[in-house]
Amino acid sequence: MSSVNDALWHQLTEAEKADVLARHAARNPATTTLLSVESFADLVAQDFPPQQFLVDALIPAGQLVMLGGRGKAGKSWLILQLIAAVDRGVPFLGKATTRGKVLYLALEDGRRRMNQRPKILKWHPSPAVDIAFKIDKFDAGGQGLAHIRQAIADKGYDLVVIDTLVKTLSGSADENNNTYMAAICNDLADMAHDSGACILIVHHTSKQLVENPFDALRGASAIRDAYDVGMMLVRKHGAKEATIFTEARDFDAEDMTIKQADNGAGWEYLGDAMLGQSIAAGRVGVQDLKTAGDGSTAAEIAEATGKTESTVRSAMKTAEKNGYVSTKREPQAGSNQWMNRYYLTLEGLAQ
């Protein structure tokens, strides 16, 4: 009979096995760990040190961080820039960093790319940074999670980057299964909390349009439930600017606007998220002026675009603020009144 049960067991997917084991543990107290309790008063009486950060008010030590974004949005460049900053102790996107030891699991990149990209960033990695291109799977009986835990214990890494989560999963894995993904992500969170190392996972987003950018994170909701800090890199196709949205359990973090470097390598901090909205609005004004023709008035732009004059003036003001448009005040022919004409700057022509 046992051989029959074994045969049935091996026919199950990994997700189905996880569900069966979870139900079995719930029904069998002997297989579970006894409840551990402590005095709440004693806990509150303790003095815990302030939260430590690898990147001030953005990347905390001893926590699980998730960076999400669509493919080709620039996540890997951002990660490499972060590692370089932590390695050298230089600012990252305008924020102070603490030097530390790093393990970089570059699971989507090859050795040639990782040979070239640091040179483009003008960064020469120190002996404090290690890199690996393969790791055992986190599921299906793989030892990947145990290997990371052991590596942190052996080498004292301050930052472990896993790029990307999907590359750690077997072909039979179902990233939409909450039981399945909770087991992996919660283990990584516990590992970060226990060791004091920051573990940063890179993950992809879906193509669906959502109001909250974090709702686009692909896979089971257990992934989002597990991390301490979430960062979403949102970038429109073809745009140089992007927005990083951040949510955190234990501290307040600002959303920010960043811009890709001219050579496409790395990112630079521009300002808060409102700046990104202003830049986008300014580009709308540029397109409206191009539609009406350079040197048009608000009335002429409104007629060409079907917008109201007040909407056009607001868009031109924003475009001028961003350096895309210049305004010239000219007398109106046959009248004592004056009017504004709008002209594209070189920056505006480039948009």
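**Reading the features in turn**

A: In helix α5, which spans residues 111–120, Met114, Arg117 and Pro118 are buried. The model is a predicted one.

Q: What covers the buried residues of α5?

A: The cover includes helix α4 (75–88) together with β4 (102–106) and β5 (129–132). After α5 comes Lys122, which has a positive phi, near 60°.

Q: One of the elements in that cover is α4. Which residues does Ala85 touch?

A: Ala85 has its place in helix α4. The general idea is that a residue counts as buried under 20% relative accessible area. Ala85 is buried because its relative accessible area is 2%. With residues up to four places away in sequence left out, Ala85 touches Val90, Pro91, Phe92 and Thr97. As for Ala315, it is 230 residues from Ala85 in sequence, and the C-alpha atoms of the two are 38 Å apart in space.

Q: How many salt bridges does a search of the whole structure find?

A: In general, a salt bridge is assigned when a side-chain nitrogen of Lys or Arg is within 4 Å of a carboxyl oxygen of Asp or Glu. The search finds 14 salt bridges in the whole structure. One of these joins the side chains of Arg113 and Asp109, at 2.6 Å from N to O.

Q: Which parts does the salt bridge of Arg283 with Glu241 tie together?

A: The closest N and O atoms of Arg283 and Glu241 are 2.7 Å apart. Arg283 is partly exposed, at a relative accessible area of 24%, whereas Glu241 counts as buried at 13% relative accessibility.

Q: Where do Glu330 and Arg341 lie?

A: Their side chains meet in a salt bridge, 3.3 Å from N to O. Glu330 is in strand β12 (residues 325–331) and Arg341 in strand β13 (residues 338–344), so this pair ties together parts that are eleven residues apart in sequence. Glu330 is partly exposed, with a relative accessible area of 24%, and Arg341 counts as buried at 19% relative accessibility.

Q: How are α6 and α7 oriented to each other?

A: The general idea is that angles under 35 degrees count as roughly parallel. The axes of helix α6 (residues 144–155) and helix α7 (residues 178–195) come within 11 Å and cross at roughly 10°. The two helices are therefore roughly parallel to each other. From α6, Leu145, Ile148, Arg149 and Ile152 meet Ile184, Asp187, Leu188, Met191, Asp194 and Ser195 in α7. The residues of this contact divide into six nonpolar, one polar and three charged.

Conventions. Residues are numbered from 1 along each chain as its sequence is written. This is a predicted model: local features need pLDDT of at least 70, side-chain atom pairs count only at pLDDT 80 or more; totals for chains, interfaces and linings use all residues. Side-chain values use heavy atoms; hydrogens and water are left out. Buried means under 20% relative accessible area, exposed over 50%, partly exposed in between (1.4 Å probe, protein chains only). Helices (H or I, at least four residues) and strands (E, at least two) are DSSP runs, numbered from the N terminus. Contact means heavy atoms within 4.5 Å. Axes are lines fitted to C-alpha atoms, for helices over the stretch in contact, and angles run from 0 to 180 degrees between N-to-C directions. Angles under 35 degrees count as roughly parallel, over 145 as roughly antiparallel, 65 to 115 as roughly perpendicular and the rest as oblique. Ala, Val, Leu, Ile, Met, Phe, Trp, Tyr, Cys and Pro count as nonpolar, Asp, Glu, Lys and Arg as charged, and the others, Gly among them, as polar.
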